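I opened this model to look up salt bridges and nonpolar cores.

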Amino acid sequence: MAEEARAQFAARMKRFTDTVSLQQPDRVPVIPWNFHFFPAKQSGMSSADAMVDHGRFYAALKDQVLKYEFDMAPACSVYPGPPWEILGLKNWKWPGHGLADDRIFQFVEREIMTAEEYDSFLADPDGFTARVVFPRTTSLLEPLGMLPPLHWYLSFPYLLGPFLGMPAFASMLDGLVKVGQEWNRHAAASGACYAELEVLGYPKSYGSVAFTGFDTVSLWLRGNRGTMLDMYRQPDKLLAATEICSAMQTQLAIIQCQISGNPRVSLFVYRGAEGFMSDAQFERFFWPTLRAQVHAILEAGCVPMLFLEGDFTPRLKYIAELPRGQVPLHFDRVDRAQARQVLAGRNCFWGNIPVSIMEHGTQQQVEEDVRRLIELFAADCGLIVDSAGCITDDARAENVEAMVEAVHKYGVR
Amino acid sequence: MLFRPGGFDPAPVPCYTAAATEEAASTPEPAGAVMGPCELKLSSTKGGAVSKELIEAFSGIREEEAVRIARDLLAQGSDPLQLLDDCRQAMRIVGDRFEAGEYYMPELVLSGEILRQISELTKPLLSQEYSPRRRARIVFGTVEGDIHDLAKDIVVFMLEVNGYEVIDLGIDVPPERFVEALREAQAPIVGMSGFLHLASVSMKRTVDALKEAGLRDQVRVMIGGGQIDEVIREYTGADAWGNNAMQAVSLANRWTEERGHPNG
């Protein structure tokens, strides 16, 4: 049994690496990028429960992987609720915290860093994160806003006493201890699940997550509106922040790979999509740092996998510049004919089965779509089958089954 | 006080910096915040000369120049109503360029910002508020359970620039609120936006609520958002779908003309 599982693991990895490196695999792989609440829904759990009852949720996740025999175990994007609650996250809403139990968590985008604060951030990203960003994004860490510069006391740390003696600091520490405990509780459930799946022959889709430089500034610091204004009002500062965030995210991506032992990086790409900016703006503000990230991750021996949310048709010409056979590209929406033309002999195509079909379509529609994808991409580009985005929470189980079956029907060499 | 790296403060006082934007950080941005207040209060040219210079600077997204010209014109005694009329013309050009794929989201954000600043300048000089003639009313909102407003704000912006009076219900709008607003406004068109996958379910619930309220035959329903396509349109029972702002404008134009109210 163990030997068979090891062989399965090796076969699945080979299927993936053959596809990515543009060799012909024995069969087209079918790999959901990640899971949100689909496993919870399938097992009758509410979204609220899924964020708290980690053991039950990860058992449900494991069941789904085994049921469909995906070629990799999808990573998980269901976050643990208790640490969020203790931290008092201000820029998220989640079930039981601003949303009903059957809803999924949602990011509430805001301006966290003001237009005037670029210089402070650029001069000391870590200090700015601790003293400004964290107090603005969490209730628990508000006392950090009172933390004096540590270098004031490099000779006499005991002079931090007035800060350390504040009751607010003590209760923040109590909270942080609880965050750590909750983190460990979640990590134990998650780690055990993926370790077990690995023993059963399923590699995990990725072990590292990072954002692009521009998205980091836009999502987590300035907000979409802020970055759009900055493109005109202070482009140099926006570029400087984009560059520094890109470098920091790359470092984070590589470190996570080293810790997890999984070289695959999920590099989320959002605001480079069609509609957000012109080609000229993309060339100036988005692409140079994204391209640099891809190269740096490759140089570190890791695999940058781009998760392209939105319509990336207008950016295919840039994507074509990426190193050949090393950068799998997960598409949400894209003109398939143009993608095929651009990607043939370059990099493999992943995803793109419309969510609407997965949620509301028939099994025949899913089968037909998988067949079309295989015809278009499998021979010349390499193809990994998945829904656009991910297998969404409301995807119909029979349609997921149809997706997998179609791969076995049409995708075997 | 802000922590200034490299700069020493003599006294070891707390460097609490969060308060500055505390309110901003804990309060969701109001509907329309992405574009800024873009409603145009004026519709007709009011005596005085049209400023080509202002229109060009504004529509060319030269923010400082446009605001400077507006300030100078007002200082020279120009009619503020004429100035706002020029702004409206500039906004139309911005809309046209967006439609042509020449402008994108940053230009819409900036034009909203230019308009806000010029409107502020004219405010003390205006003795009365004018309500423009509109082509039709449209009730618009992001559906229940979804709190995304980026796409919605762009569509609302483009509809307003194209002469529609949009009643923007904001985000996370329950079906009964759509029904209530449609009744109050007697609007012939409703637009629903949604980014999340779950939005389709809320859209269907809203269309069902319109049926139950007996409004479905009097209202045309358009839907749009990241994952919306014909399959979703059919599932929800909407009349049409789109995935960009100009499709929303085209639909509104077509439906308004079919009702026999071209150009209000």
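I started in chain B, where helix H5 (residues 105-122) holds both Glu113(B) and Arg116(B), three residues apart, about one turn of the helix. The model is predicted, and I kept that in mind throughout. I found the two side chains joined in a salt bridge, 2.7 Å from N to O. I then looked up burial: Glu113(B) is buried at 5% relative accessibility, while Arg116(B) is partly exposed at 31%.

Next I checked for salt bridges with shared partners. One network of this kind joins Arg336(A), Glu368(A), Asp369(A), Arg371(A), Arg372(A) and Glu375(A).

Arg97(B) is partly exposed, with a relative accessible area of 26%.

I looked up the total as well: there are 43 salt bridges over all chains. I read 19% relative accessible area for Lys62(A), which is buried because the cut-off is under 20%. Glu196(A) is partly exposed at 38%.

The largest nonpolar core has 178 residues, and Leu61(A) and Met403(A) have the most contacts inside it. A separate core of 24 residues includes Ala185(B), Leu210(B), Leu215(B) and Ile223(B). For Leu61(A), I listed contacts beyond four places in sequence, among them Phe35(A), Pro74(A), Cys193(A) and Leu197(A).

How values were computed. Residues are numbered from 1 along each chain as its sequence is written. Chains are lettered from A and ligands numbered from 1 in the order in which they are written. This is a predicted model: local features need pLDDT of at least 70, side-chain atom pairs count only at pLDDT 80 or more; totals for chains, interfaces and linings use all residues. Side-chain values use heavy atoms; hydrogens and water are left out. A nonpolar core is a set of buried Ala, Val, Leu, Ile, Met, Phe, Trp, Tyr and Cys residues joined through side-chain atoms within 4.5 Å. Buried means under 20% relative accessible area, exposed over 50%, partly exposed in between (1.4 Å probe, protein chains only). Contact means heavy atoms within 4.5 Å. A salt bridge is a side-chain nitrogen of Lys or Arg within 4 Å of a carboxyl oxygen of Asp or Glu. Helices (H or I, at least four residues) and strands (E, at least two) are DSSP runs, numbered from the N terminus.
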